[in-house]
Amino acid sequence: MAFRVAGLFVKANLVAPATQQLRLLRTANTARSQFLANSPNTALDKSILQRYRNLETPANRVQATYLWIDGTGENIRLKDRVLDKVPSSVEDLPDWQYDGSSTYQAHGENSDTTLKPRAIYRDPFKPGKNDVIVLCDTYSADGKPTASNKRAAFQAGVDRIGEQEPWFGIEQEYTLLDVDGRPFGWPENGFPAPQGPYYCGVGADRVYARDLVEAHAVACLYSGIDFAGTNAEVMPAQWEYQVGPSSGLKASDDLWVSRYILQRIAEEYGVVVTFDPKPMEGQWNGAGAHTNFSTKAMRAEGGIKAIEEAIEKLSKHHERHIKAYDPKEGKDNERRLVGRLETSSIDKFSWGVANRAVSVRVPRGVATAGKGYFEDRRPSSNCDPYAVCGAIVRTCLLNE
């Protein structure tokens, strides 16, 4: 009898976790359906579109999606046009106009704003094998760059740096939300367990929406983006991916197009992507766009000296960089750079080896090798990479 009772006791303890897990799974499925209940895109039958994507399109007709940055300096706009020949390079693509008064870039009485194609990518969303994404910058009626066109100034800087060969690699953090602004997978009432198990985590109780993240990675690789990798971040529903290292403007171009691709895929899932640098108040990590930078001299033997010289220059222009590192000239980063939760203080410049609580970090491997790159940890997740990389070039290479 004693053995039987003991056996029942053991069985109860073995079965309970499985029953509990099933209950949690059912709760999670219910929560997911409730989570997406207010997202209109989830009500659409995505299989219907596939019927039309399977239609054969004329070989000499190409759909081109023109992308640009609107007057906010952080949001992407787009419109499509059909071309009558396959472009072999960006030079084959025509300029185009749009209504700048509807994108915070012009007044209604003189609203025609010009798109100038600057980079071309394969389109993972359109069915034609030659369909493309066209990244553009924007120009006002007088022919001058719009206020939100930071690419033009960055290009001008890159054209003056000679043989220094700057490389950039950018780590883009972002957070997934429902349409009502609640982080994806978080309890409807209350909060998840504190940070700790989520960073690079595995498991349904630690990681949310990995399928969306992996779809994004494949789409970016298909498009021709220098996509370097991805990982779950410290806060649940927060993720990161990396572009680069790439030379010149490519890392910045790639980042803008990768943001667009991410938002389009999330749109299909009915989920919202936010690049807000502090989406949740309290003891939750914010989101940044850590920018890794190196030059030919930094990558050569003894390059640590060139790295330290560049950091010294950065230390003298902290305020200028803070203004360039988020679209509100530091106001967004005020919420994130608070001197804790793996951030430095917005008020003062600092640097160190393998230290994530500083403005600029020199990785341990770089310090050991005596060459490589440094990581500027100050840029916000919603930064304009043209402004960030342009500021680094002006300070470190042009001595402005």
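Visitor: How many Å separate the centres of domain 1 and domain 2?

Guide: The centres of domain 1 and domain 2 lie 26 Å apart, taken over C-alpha atoms. Keep in mind that this is a predicted model. Domain 1 covers residues 49-148, and domain 2 covers residues 157-398.

Visitor: How do I read the interface between them?

Guide: The size of an interface is often given as the accessible area lost when the parts come together. Here, domain 1 and domain 2 bury about 1,800 Å² between them. Carbon and sulfur atoms give 64% of that area.

Visitor: Which residues of domain 1 lose the most area to domain 2?

Guide: They are Glu-74, Tyr-121 and Phe-125. Together these three account for 35% of what the domain 1 side buries. As for contacts, 18 residues of domain 1 touch 21 residues of domain 2.

Visitor: How many salt bridges does the rule find across this interface?

Guide: The rule finds one. Now look at Glu-74 again. Its side chain meets that of Lys-328 in a salt bridge, at 3.0 Å from N to O. Polar contacts are counted too: five residue pairs between domain 1 and domain 2, with both residues at pLDDT 80 or more.

Visitor: Which strands supply the side of domain 1 that touches domain 2?

Guide: E1, E2, E4 and E5 each supply at least two residues of that side. Let us take these strands in turn.

Visitor: In which sense do E1 and E2 pair, parallel or antiparallel?

Guide: Antiparallel, over eight bridges. E1 is residues 62-69, and E2 is residues 76-83. To picture the pairing, find Ile-69, which stands opposite Ile-76 in E2. The two strands form a hairpin with six residues between them. In that hairpin, Gly-73 takes a positive phi near 80°.

Visitor: What about E1 and E5, parallel or antiparallel?

Guide: That pair is parallel, over four bridges. E5 is residues 132-139. Two places to look: Tyr-66 stands opposite Val-134, and Ala-64 has Val-132 as its bridge partner. E5 also pairs with E4, residues 112-122. Those two run antiparallel and are joined by eight bridges. There, Lys-116 has Asp-137 as its bridge partner.

Visitor: How many residues of E5 are buried?

Guide: Eight of its eight residues are buried. Val-132, Val-134, Cys-136 and Thr-138 point one way. Ile-133, Leu-135, Asp-137 and Tyr-139 point the other way. E1 is mostly covered as well, with seven of its eight residues buried.

Visitor: Where can I see another hairpin?

Guide: Go to E7 (residues 227-232) and E8 (residues 238-247), which pair in the antiparallel sense over five bridges. Phe-227 stands opposite Val-243 in E8. Five residues lie between the strands of this hairpin, and Ala-237 in the turn has a positive phi of about 80°.

Visitor: Now a single residue. Why does Ser-252 count as buried?

Guide: The cut-off is under 20% relative accessible area. Ser-252 counts as buried because its relative accessibility is 1%. This residue lies in helix H5, residues 250-269.

Visitor: Which residues does Ser-252 touch, leaving out those up to four places away in sequence?

Guide: Ser-252 touches Phe-154, Pro-385, Tyr-386 and Cys-389. Take Cys-389: it is 137 residues from Ser-252 in sequence. In space, the two are 7.8 Å apart, C-alpha to C-alpha.

Technical notes. Residues are numbered from 1 along each chain as its sequence is written. This is a predicted model: local features need pLDDT of at least 70, side-chain atom pairs count only at pLDDT 80 or more; totals for chains, interfaces and linings use all residues. Side-chain values use heavy atoms; hydrogens and water are left out. Buried means under 20% relative accessible area, exposed over 50%, partly exposed in between (1.4 Å probe, protein chains only). Two strands pair if DSSP finds at least two bridges between them. Domain bounds come from an automatic or database domain assignment. Contact means heavy atoms within 4.5 Å. Buried area is the accessible area (1.4 Å probe) that two parts lose on being put together, summed over both. A salt bridge is a side-chain nitrogen of Lys or Arg within 4 Å of a carboxyl oxygen of Asp or Glu. A polar contact is a pair of N or O atoms within 3.5 Å; within protein, one must be able to donate a hydrogen and the other to accept it, and residues adjacent in sequence count only if both atoms are side-chain atoms.
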